[in-house]
Amino acid sequence: MTDIHKSLRNLPGVDHLLELVKQDPRFSSIPRSVVLDSLRQALDRMRKDILAGTHPLITDALFLEQALSLAEEKIKPRLVSVINATGVVLHTNLGRALLCEEALSHITAIAKTYSNLELNLGTGKRGIRYEAVDGLLCELTGAESAIVVNNNAGAVLLALNTLARQREVVVSRGELVEIGGSFRVPDVMEKSGCVLKEVGTTNRTHLRDYETAVGENTALFLKVHTSNYKIEGFTANVALKDLVMLGQKNGIPVMEDLGSGTLIDFSKYGLPHEPTVGDAVRSGAHVVTFSGDKLLGGPQAGIIVGKKENIDQIRKNPLTRALRIDKLTLAALESTLRLYRDEEKAIQDIPTLRMLTLSFDDIVKKADLLFQTIQKAVGPLVDLRFSDMNSRPGGGSFPELDLPTRCVTLRPVNLSVSKLETAMRLSTPAIIGRIEDNQYILDPRTLQDGQETIIASTLARILEKK
Ligand SMILES: *Cc1c(COP(=O)(O)O)cnc(C)c1O
C-alpha cells in the first residue's frame with residue numbers, strides 16, 4: 001500500500017470527530033450544522049493535501065483546531081461595521097450616509113412594536129404608507145405631493161414608466177450619465193419602456209434643440225443632474241425654468257433627476273451652491289427625483305416630489321408596489337426629515353451634513369487627536385506626519401469638489417505600507433485608509449468619536465507583532 005493510501009485510510013471519521021466536539025467546550029455555542037460543515041471541509045482539505053503529496057501529521061487535535069477556525073469564520077456576521085478613514089463622506093462601498101440618532105431610535109421603536117404603517121388612526125380605516133413623510137416633504141420642498149420608493153434608481157424608473165411609457169423622452173446628450181454600478185440613463189430609459197430622444201451635443205445643448213425634438217410622441221423633457229463629472233470650457237445647457245416654459249407651450253411635463261438632492265443651500269456653509277430640491281420645485285418641474293442616502297443624509301430611498309396630478313399618476317402605477325419602502329426606512333426617513341425644520345440642528349445632528357461642513361479648525365483638532373493617540377501607541381514604530389490634503393464628498397454629490405482636510409500619514413519602520421493597509425483592512429473592526437506616495441493615509445473627516453483609539457490599538461497589534 002502506498003503512503004498516500006495509508007494516509008487516506010488514517011483519516012478519522014466524521015462520527016468520531018463529532019463525539020470529540022461534544023466534549024470540547026470551544027464548540028458549545030456553535031450550531032451543529034455549522035460544526036458538521038466545518039468538519040467535512042477540514043477532512044476534504046486534508047484529503048486534498050494528502051493526494052497532492054503532502055503528508056501532514058494527522059491528529060484529532062489538528063482536525064478540531066482546523067474545524068474550529070472554519071466554524072468561527074462561518075458564524076461571524078458578513079455585514080460588519082468598518083472605520084472609514086478615507087475622508088469620502090458618502091462612500092457608496094462603505095454604505096453611504098450614516099443615520100442620525102433620531103432615526104436610529106425611531107427605527108428601533110417601530111421595529112419592535114406594531115405601528116400605524118397603513119392604518120389611519122383618526123378614521124380607523126386603511127391609511128396610506130407614505131403619509132408619514134408626504135406632508136414633511138411638501139413642507140420642506142414646496143412641492144404639492146410626494147412619494148418615496150426603494151432608491152433613486154427605482155424612482156427614476158417608476159417616474160419614467162408612469163409618465164412616458166412607449167413614448168419619447170427628450171434628454172440632452174450632455175446628461176446621459178452613468179452612475180457607479182449599472183445605473184445608466186439610456187438603460188433605465190429602455191427598462192422603463194420609454195424611447196430616448198437625445199438632443200444637443202456633449203458640451204452644448206440649447207433650448208432650440210429641445211424645441212425641434214418635440215413631436216407627436218413626445219411625453220416628457222428630462223433633465224439629469226451630472227452627479228459625478230463636470231463639463232467645463234465651451235459649454236451651454238438649458239436652465240430648468242426655461243425648459244419648463246417650453247414644456248408649458250407644448251403641453252409637455254418636465255422631470256429632473258437631481259440624484260443627490262439637497263434640502264439646504266450649502267453655500268451658506270462654505271460649500272459651492274448646489275441647486276436644492278426646493279429650487280427645482282420652484283422652477284416648475286412636474287417631477288423631481290433624488291436619493292435618501294446621499295446629501296439628504298437619511299436611509300436608502302428614492303424620493304419623488306412634484307405636482308399632485310403627476311404624483312397621483314405615479315402612485316397608481318403597479319410598479320410602485322414592487323418598489324415600495326419598508327417601515328424601517330420610513331421611520332428613519334421621517335426622523336431625518338423632521339430635523340430639517342431647524343437647519344442648524346440638521347447640520348449638527350445629521351452625520352453627513354456635519355462631516356461635510358466641518359470647519360478646518362475642527363478638522364485640525366481631530367487630526368491632532370488622531371496623531372497624538374497613534375504616537376502614544378506606536379510612536380517609535382512609525383514615521384508619523386501631518387499632510388494637508390483634500391477629502392471628497394462622494395456619492396455623486398458636488399462633482400470634483402475638494403474639501404480641504406488635514407490627514408495623518410504614516411509609514412511603518414518594519415512593515416511595508418501595502419502590508420499595513422491590508423492588515424488594517426482585515427482587522428476587526430476593519431479600518432479603511434488609503435495609500436498615496438507610499439504612505440498610509442488616514443483622513444480624520446470621516447472618523448467618528450472614539451475611533452482614533454481603535455485605530456491606534458489596531459496599529460499597535462499589527463506593528464508590535466512584526
Ligand atoms: C445616485 C444617482 C442615482 C441613483 O440613486 P440611488 O439612490 O443610488 O439609486 C440616479 N441618478 C443620479 C443623477 C444619481 O446621482
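**Legends to the close-up views**

**View A. Between domain 2 and domain 3 an area of about 1100 Å² is buried, 75% of it given by carbon and sulfur atoms.** Buried area is the accessible area, taken with a 1.4 Å probe, that two parts lose on being put together, summed over both. This is a predicted model, in which local features need pLDDT of at least 70 and side-chain atom pairs count only at pLDDT 80 or more, whereas totals for chains, interfaces and linings use all residues. Residues are numbered from 1 along each chain as its sequence is written, and side-chain values use heavy atoms, with hydrogens and water left out. In domain 2, Thr357, Phe398 and Pro399 lose the most area to domain 3, together 48% of what that side buries. By class, the side of domain 2 that touches domain 3 has six nonpolar, four polar and one charged residues. Here Ala, Val, Leu, Ile, Met, Phe, Trp, Tyr, Cys and Pro count as nonpolar, Asp, Glu, Lys and Arg as charged, and the others, Gly among them, as polar. Salt bridges between domain 2 and domain 3 number zero; the term denotes a side-chain nitrogen of Lys or Arg within 4 Å of a carboxyl oxygen of Asp or Glu.

**View B. The chain is divided into domain 1 (3-75), domain 2 (82-90 + 356-463) and domain 3 (101-349).** These bounds come from an automatic or database domain assignment. The C-alpha centres of domain 2 and domain 3 lie 35 Å apart. Their contact (heavy atoms within 4.5 Å) takes 11 residues from domain 2 and 15 residues from domain 3. Along the principal axes, the C-alpha atoms of the chain fill a box of roughly 90 × 50 × 50 Å. The secondary structure comprises 19 helices and 15 strands, where helices (H or I, at least four residues) and strands (E, at least two) are DSSP runs numbered from the N terminus.

**View C. Helix α6 (residues 131-141) has Val133, Asp134, Leu136, Leu137, Cys138 and Thr141 as its buried residues.** Buried means under 20% relative accessible area, exposed over 50%, and partly exposed in between (1.4 Å probe, protein chains only). The packing partners of these buried residues are β2 (145-149), α11 (277-282), β9 (287-291), β10 (302-306), α12 (308-316) and α14 (327-339). Just after α6, Gly142 takes a positive phi of about 80°.

**View D. Glu343 and Lys268 form one of the salt bridges, with the closest N and O atoms 3.1 Å apart.** Glu343 lies in helix α15 (residues 343-349) and Lys268 in the loop between β8 (254-259) and α11, so the pair ties together parts that are 75 residues apart in sequence. Glu343 is partly exposed at 21% relative accessible area, whereas Lys268 is exposed at 56%. The structure holds 27 salt bridges.

**View E. Within helix α14, Glu334 and Arg338 are four residues apart and therefore separated by about one helical turn.** Their closest N and O atoms are 3.8 Å apart in a salt bridge. Glu334 is buried, with a relative accessible area of 18%, while Arg338 is partly exposed at 45%.

**View F. A salt bridge joins Glu65 to Arg26, the closest N and O atoms being 3.4 Å apart.** The pair links distant parts of the chain, 39 residues apart: Glu65 in helix α4 (residues 60-75) and Arg26 in the loop between α2 (14-22) and α3 (32-51). Glu65 is partly exposed at 43% relative accessibility, and Arg26 is partly exposed at 38%.

**View G. A cis peptide bond joins Thr428 and Pro429, with omega about -5°.** Pro429 is found in the loop between α18 (417-426) and β13 (430-432).

**View H. Gln166, a residue other than glycine, has a positive phi near 60°.** The loop between α7 (152-164) and β3 (168-172) contains Gln166, which is exposed at 57% relative accessibility. Asn438, not a glycine, likewise has a positive phi, of about 55°. Asn438 lies in the loop between β14 (434-436) and β15 (439-442) and is partly exposed at 46% relative accessible area.
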